[in-house]
Amino acid sequence: MPNTSQAEIRSSRAELVAQMHRLEDELQKVQGRLLQFGGETLPGVHLVVQAAGRRALLSSTRVLEVVRLVATHPLAGAPAHVRGTFICRGVPVIAVDLRRLLGAKEDPAMDAQIVILAGTPVVGLVVDQVPRLVENPKLYEGDVVAGMPAGWKESRLAAGLCLDGDEVLPVLDPSPIQGELSGRAA
């Protein structure tokens with residue numbers, strides 16, 4: 001790109017980033033539809049996240065990275081589950097305490113982690129830990145409402161159910177959180 005100006009490079013990069021976000025959104029929609037139709041497995045790699053004594057799966061396609069808990073700056077007028085904002089690799093991130101959304105009253109431990117999600121705004125879910133990854137988890141075949149683990153029954157974040165061994169785990173859909181925070185400056 002020897003004859004390309006810096007402005008053209010920035011514009012091209014911005015277009016590619018926007019296209020990537022559209023493709024990620026489409027992939028998330030397709031995975032949601034797969035959950036509804038059922039089958040044997042949910043394709044892809046998923047993080048097992050643990051928060052407030054509960055476990056769930058989160059598609060790795062939604063995740064940019066996992067970082068250690070960091071100090072945050074308050075975000076004016078934000079709901080109680082929003083811890084604040086921080087900068088990660090030059091990008092502002094809104095930290096949302098998934099633990100609080102699940103009923104935790106205490107602050108996270110010093111070894112807690114933040115799962116930074118792809119999308120706009122960039123949201124980081126504060127979790128107790130991400131102990132491991134699961135590849136192609138088996139879809140739960142029973143009644144989803146009856147099979148939903150305690151603590152997740154009323155959650156707007158559970159998109160479906162998968163099995164991890166004998167344990168039934170909800171598959172997280174963080175879209176409602178990202179939608180709630182859309183338009184907020186980090």
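Cysteines and overall make-up

User: How many disulfides does the structure hold?
Analyst: This is a predicted model. A disulfide is a covalent bond between the sulfur atoms of two cysteines. A pair of cysteine sulfur atoms would have to lie within 2.5 Å to qualify. The number of disulfides that the structure holds is zero.

User: Is C88 buried or exposed?
Analyst: The relative accessibility of C88 is 13%. Residues under 20% are counted as buried, so C88 is classed as buried.

User: What is the relative accessible area of C162, another cysteine of the chain?
Analyst: C162 is classed as buried, a label that applies under 20%. Its relative accessible area is 0%.

User: How many helices and strands are in the chain, and what share of its residues is buried?
Analyst: The chain contains four helices and 11 strands. It has 186 residues, and the share that counts as buried is 38%.

User: What part of the contacts with a separation of 6 or more comes from residues 24 or more positions apart?
Analyst: Contacts here are those between residues with a separation of 6 or more in the chain.

A hairpin

User: How many bridges join strand β10 to strand β11?
Analyst: Strand β10 covers residues 158-164 and strand β11 covers residues 167-172. The two strands run antiparallel, and the number of bridges joining them is six.

User: Which residue in β11 is the bridge partner of D164, and which residue of the hairpin takes a positive phi?
Analyst: D164 has its bridge partner in β11, namely E167. The hairpin of β10 and β11 has two residues between the strands. The residue with a positive phi, near 70°, is G165.

User: Where is D97 found, and which residues is it in contact with beyond its neighbours within four places in sequence?
Analyst: D97 is found in strand β5, residues 91-97. With neighbours within four places left aside, its contacts are H81, R83, P108 and V126.

User: Which peptide bond is cis, with omega near -5°?
Analyst: Most residues other than glycine have a negative phi, and most peptide bonds are trans. P121 is found in the loop between β6 (113-117) and β7 (123-127). The cis peptide bond runs from T120 to P121.

User: What is the phi of A52, and where does A52 lie?
Analyst: A52 counts as partly exposed, at 22% relative accessibility. Its phi is positive although A52 is not a glycine, with a value of about 55°. A52 lies in the loop between β1 (45-51) and β2 (54-59).

User: Is R89 buried or exposed?
Analyst: R89 is found in the loop between β4 (82-88) and β5. Phi of R89 is positive, near 55°, in a residue other than glycine. The relative accessibility of R89 is 71%, which is over 50%, so R89 counts as exposed.

Definitions and conventions. Residues numbered from 1 in each chain as written. Predicted model: local features only at pLDDT ≥ 70, side-chain atom pairs only at ≥ 80, totals over all residues. Heavy atoms only, no water. Buried < 20%, exposed > 50% of the residue type's maximum accessible area, 1.4 Å probe, protein only. Pairing = 2+ DSSP bridges. Contact = heavy atoms within 4.5 Å.
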